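Here are my notes on the ligand site and on one residue beside it in the discussion. Please read them with the structure open.

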Amino acid sequence: MIEAEHLIFEYPGVRALDDVGFYVRSGEIAALVGPNGAGKTTLLRCLAALDRPLAGSMRVAEVDVLARPRACHRRVGYLADFYGLYEELTVRQCLIYVARAHGIVGDALLTGVTQTAARLGIADRIEQKVRTLSRGLRQRVAIAQALVHGPEVLLLDEPASGLDPEARHLLAQLFVQLQREGMTLLVSSHILAELQEYATTMLILRRGRIVEYETVEPSARESATVRLILSAPFASLSMLLAEIDGVTQVSIEPDGARFLYRGDPVAQHELLKTLIEHGVPVSSFAQEKVNLQDAYLSQLRRPGADVAP
Ligand code: ATP
């Protein structure tokens with residue numbers, strides 16, 4: 001649904017995108033992460049047909065972005081990092097204004113505005129002036145503006161910045177709801193703990209290059225490092241663990257072991273039972289979740305990383 005190949009973008013004296021290529025499948029929520037200045041905003045603006053790269057190609061919702069930027073605007077919703085809202089307009093007026101700018105008129109305009117307000121949970125505020133709304137609600141109005149023309153792809157630049165934890169959680173739920181309705185989302189964010197709630201894929205951008213592409217399938221989200229602590233040494237622990245299905249990357253430690261285990265809670269219960277049945281003196285069996293934050297930080301700490309997260 002979103003594809004980029006060999007993208008190069010330069011500001012005077014700065015190469016912001018340096019041979020960027022990636023794809024996002026239909027129905028995914030892809031997280032775009034990276035340190036400040038990595039090129040996230042530039043990439044999103046190029047995909048939204050708002051900036052033109054020096055070289056490369058992009059297809060979004062089956063539209064060649066460079067050849068048909070207007071068609072791209074119709075199929076893509078974009079929320080800028082620092083968006084502006086017309087403070088003196090009501091929510092309804094804001095949505096009508098943006099829908100009309102996209103060429104939507106007549107019945108389609110009225111239903112589009114009503115449905116989008118309902119979808120975003122702001123229907124009860126529709127006659128309220130924007131300046132009277134809380135930050136969380138303003139964010140929803142801004143996202144409603146990005147959605148009102150019925151795009152297939154949503155590009156969001158730091159949508160959760162400045163929101164309180166509850167508003168962020170509601171936003172995460174909204175993204176999942178939009179995904180269920182068939183939308184594809186690319187969301188840039190610094191708040192990795194929240195991306196974990198909804199992202200299915202993670203793209204890491206560093207110094208204008210995609211340095212990692214990870215699929216965060218639900219099963220992968222469940223993959224965990226297990227930390228096992230024993231009350232007394234157990235000589236054949238390493239051998240025993242090696243024989244257990246689903247256990248990998250065993251590292252024996254002075255007081256026990258640490259290993260990767262892929263399995264649901266029932267499988268974990270069976271694993272613990274097996275250990276105890278074999279006489280392993282388990283005093284603690286705890287799961288350390290592998291999460292996006294770990295993946296991101298380990299990527300940034302690799303040789304060549306020049307920017308602290
Ligand atoms: P942040 O997380 O801080 O928003 P970002 O990953 O979105 O950063 P960009 O804003 O795309 O990164 O910037 C990429 C690079 O391009 C940076 O080095 C930035 O300083 C530079 N840059 C961005 N906009 C301009 C501009 N208008 N003129 C010159 N350089 C720019």
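1. First, a term. Helices here are DSSP runs of H or I with at least four residues, numbered from the N terminus. Under that numbering, H1 gives the most to the shell around the ligand, with 3 residues. Keep in mind that this is a predicted model.

2. Who lines the site? The ligand is surrounded by 13 residues. The closest are Asn36, Gly37, Lys40, Thr41 and Thr42. By class, the shell holds 5 nonpolar, 6 polar and 2 charged residues.

3. A polar side-chain atom of threonine 42 sits 2.5 Å from an oxygen atom of the ligand. For glycine 37, a polar backbone atom is 2.8 Å from a ligand oxygen. For glycine 39, the corresponding distance is 2.9 Å, again from a polar backbone atom to an oxygen of the ligand.

4. How much of the ligand is covered? On its own, the ligand has 630 Å² of accessible area, and the protein covers 61% of that. Strand S2 (14-24) and helix H1 (40-47) are the elements that give two or more residues to the shell.

5. Turn to serine 188. This residue belongs to strand S8, residues 184-188. Is serine 188 buried or exposed? Serine 188 is buried, because its relative accessible area is 0%, and the cut-off for buried is under 20%.

6. What does serine 188 touch? Leaving aside residues up to four places away in sequence, its contacts are Leu32, Lys40, Leu44, Leu156, Asp157, Glu158 and Pro159. Lys40 is also among the residues closest to the ligand.

Conventions: Residues numbered from 1 in each chain as written. Predicted model: local features only at pLDDT ≥ 70, side-chain atom pairs only at ≥ 80, totals over all residues. Heavy atoms only, no water. Near = heavy atom within 4 Å. Polar contact = N/O pair within 3.5 Å; in protein donor to acceptor, adjacent residues only side chain to side chain. Areas by Shrake-Rupley, 256 points an atom, 1.4 Å probe, with all protein chains shown as cover. Nonpolar A, V, L, I, M, F, W, Y, C, P; charged D, E, K, R; others polar. Buried < 20%, exposed > 50% of the residue type's maximum accessible area, 1.4 Å probe, protein only. Contact = heavy atoms within 4.5 Å.
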